[in-house]
Amino acid sequence: MSATTAARTRTGLTMADAIRGGLDQALSEDPRTMILGEDVGRLGGVFRITDGLQSKYGQDRVVDSPLAEAGLAGTAVGLALNGMRPIIEIQFDGFIYPALNQLLCHVAKMAERVRTPGLLPIVVRIPVGGRIRASELHSESPETYFAHTPDLRVVSPSTPLTARALLLAAVRSDEPYVFLEPKRLYRRERIEDGDEVAEVDPGKARLAAEGDDALIVAYGPTVDLALRASHELANEGITAAVLDLVSLAPIDRETLFEQAGRCGRVVVISEAIERCSIASYVVALLATELFDQLDTAPRLLASPNRPYPPADEEEEYLPSYEDLLAAVRKVVR
Amino acid sequence: MSSVVKVRAAQDWERVYRAMLRGRRFDEIVLALQRQGVVDSFAEGKGQEAAQVGAIADLVDGDMVFPSYRQPAAALERGVEPIDLMRLYAGASFCAWDWRATGFAPYAIPVGSQLAHATGWAWAARLRGEKSVTVVFFGDGSSSQGEVHEAMNYAGVFRAPVIFLLENNGWAISLPTARQTRAESLYLRAPGYGIAGEAVDGNDVEAVRHVVRAAIERARNGDGPTLIEAKTYRLGGHTTSDDHRRYRSEDEVATWAEADPIARLRQAVAGAPEADDALGRIAEEIDVEMNRATDAFLEERGRG
């Protein structure tokens with residue numbers, strides 16, 4: 001912890017620090033809370049998000065699990081049924097797939113199966129997204145699988161400002177949460193400690209930038225692209241608002257419709273594959289529920305319908321910053 | 001598997017006999033209800049009553065049971081009301097019983113997925129310093145699932161006080177155990193997890209109780225999990241949608257019917273006038289109990 005702490009004092013609070021702070025707070029405020037995952041103990045996780053927590057809380061509360069994700073998720077179900085509040089860390093997005101049976105068949109269904117709301121207070125933390133030149137299956141955007149599953153809440157932070165509060169909201173909830181951490185943004189933005197937001201409603205979208213001419217809808221790893229675009233387009237006299245969805249399931253329709261209706265022109269951007277995606281669902285909602293208030297057809301930027309490519313090709317594959325600028329210019333023209 | 005009666009009845013044989021007979025009678029009634037179109041489908045437990053009752057007969061308050069989906073005898077012995085179990089098969093509910101109060105978890109349909117739940121439950125109890133024990137049922141078919149391996153490995157690593165009760169009933173729908181695994185016995189996997197493992201005649205209720213009691217003691221003493229393979233036989237179909245004559249011989253079924261666990265216990269105790277009286281009395285009481293439940297269920301389904 002000490003090295004990390006020193007780094008933070010020098011340069012401000014990153015999203016990785018904010019999430020770690022949230023985990024620390026969660027462990028300190030409820031003895032039922034546990035962290036489980038591969039290498040989360042002595043090593044502090046491959047992204048060092050749990051750095052220092054095992055030495056602070058012990059091996060029974062910050063648990064190095066065997067290398068088996070289905071067993072991890074299934075064991076978390078049993079722990080939660082028996083009064084614990086497990087937070088499980090999946091090492092990389094592409095490693096969640098062995099746990100899908102447990103997530104889809106039990107984590108998502110157990111409460112409804114026995115008609116007891118709030119039965120499984122489990123948080124599944126997953127680093128997601130690409131643009132880090134990683135190996136195969138280390139840059140996936142698996143959110144659609146979870147968002148498609150009833151009774152799983154899916155949220156994603158995009159800034160150190162709210163990451164701690166969002167994590168704590170998920171941990172304190174009695175509902176199962178999938179918490180998607182855009183790994184590229186772990187250490188990108190730095191804020192002052194005091195700027196952290198104390199509390200957020202995990203079901204609410206966040207207006208990350210003001211604007212009237214167009215609305216960029218983004219979440220997780222694309223929010224920083226959207227903010228940059230909004231900033232740059234201001235030089236051209238285009239004011240583009242940025243809506244960070246935060247909650248991918250359920251979608252905060254109220255805020256989405258309010259902001260989209262106000263701007264009348266919408267671009268949705270996501271790293272995930274377009275087909276049957278969160279982004280395409282947002283566009284479908286706008287088309288079916290808000291058609292009258294739109295000035296032009298929404299534009300959708302997402303990844304093509306093919307597997308995530310080797311690192312050399314990922315910039316071609318993912319929707320780019322330039323694509324986003326062009327799309328916004330196009331809808332406001 | 002020998003059909004020679006070697007069952008030695010325990011002092012409290014009446015209790016386990018009653019539980020086994022209750023399971024059998026429940027099976028017969030729900031099978032009939034399915035044929036009459038009152039329930040949709042049903043997975044019979046016929047032939048496996050000794051393995052199921054023997055696995056839980058010596059649990060105490062605070063212990064927990066995770067079933068797969070073929071444990072009617074165990075469910076009823078845990079205190080699940082017959083009508084609540086009937087509601088499951090009638091499509092009225094996935095879990096009408098109070099699983100916490102009965103200590104009997106909801107049925108788990110994805111085979112083998114429930115073992116990790118038992119591991120987690122047992123581990124939570126150990127973390128709190130409780131002495132409770134968890135029993136989880138699964139079958140020879142689900143033993144092929146990767147999640148079964150993961151759950152046993154986790155339980156071994158974390159010394160979870162859990163008993164993995166494998167009801168090897170010979171058939172995973174149409175696949176015989178010999179085609180499920182090249183291993184001669186499935187309990188032999190236990191050393192691979194560094195946990196205790198035993199095989200037992202699953203049609204001998206006292207033999208099952210004997211090995212389970214040792215496993216319970218190990219678990220309560222902090223010595224971790226046990227894998228128990230109870231060798232038994234599914235006398236009925238996989239479910240009421242199955243036609244087991246398509247994949248196994250009548251001779252095979254008849255041979256195993258001679259090793260019927262309920263008949264074996266009955267033969268072991270019969271002869272003494274007091275025991276004969278008890279056998280008759282228990283059968284009558286089970287009939288009254290089950291008929292009452294069936295009437296209430298039929299009434300509820302508008303078939304009264």
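A salt bridge is a side-chain nitrogen of Lys or Arg within 4 Å of a carboxyl oxygen of Asp or Glu. Across the interface of chain A and chain B, the rule finds 0 salt bridges. The model is predicted: local features need pLDDT of at least 70, side-chain atom pairs count only at pLDDT 80 or more, and totals for chains, interfaces and linings use all residues. Residues are numbered from 1 along each chain as its sequence is written, chains are lettered from A and ligands numbered from 1 in the order in which they are written, and side-chain values use heavy atoms, with hydrogens and water left out.

The interface was examined further. Contact means heavy atoms within 4.5 Å. In these terms, 29 residues of chain A touch 26 residues of chain B. The size of an interface is often given as the accessible area lost when the parts come together. Here, chain A and chain B bury about 2300 Å² between them. Carbon and sulfur atoms carry 65% of that area. Buried area is the accessible area (1.4 Å probe) that two parts lose on being put together, summed over both. Between chain A and chain B, 13 residue pairs are in polar contact, both residues at pLDDT 80 or more. A polar contact is a pair of N or O atoms within 3.5 Å; within protein, one must be able to donate a hydrogen and the other to accept it, and residues adjacent in sequence count only if both atoms are side-chain atoms.

Five elements of chain A each supply at least two residues of the side that touches chain B: β1 (33–37), β2 (62–64), α4 (69–81), α5 (100–107) and α6 (110–113). Helices (H or I, at least four residues) and strands (E, at least two) are DSSP runs, numbered from the N terminus. The most comes from α4(A), with 10 residues.

Leu72(A) lies in helix α4 of chain A. Beyond its neighbours within four places in sequence, Leu72(A) is in contact with Leu36(A), Gly37(A), Ser65(A), Ile88(A), Glu89(A), Ile90(A) and Tyr154(B).

Chain B was then considered as a whole. Its secondary structure comes to 13 helices and 7 strands. The C-alpha atoms of chain B fill a box of roughly 50 × 40 × 40 Å, taken along the principal axes. Buried residues make up 58% of the 304 residues in chain B. Among contacts in chain B with a separation of 6 or more, 77% join residues 24 or more positions apart.

Key:
Buried < 20%, exposed > 50% of the residue type's maximum accessible area, 1.4 Å probe, protein only.
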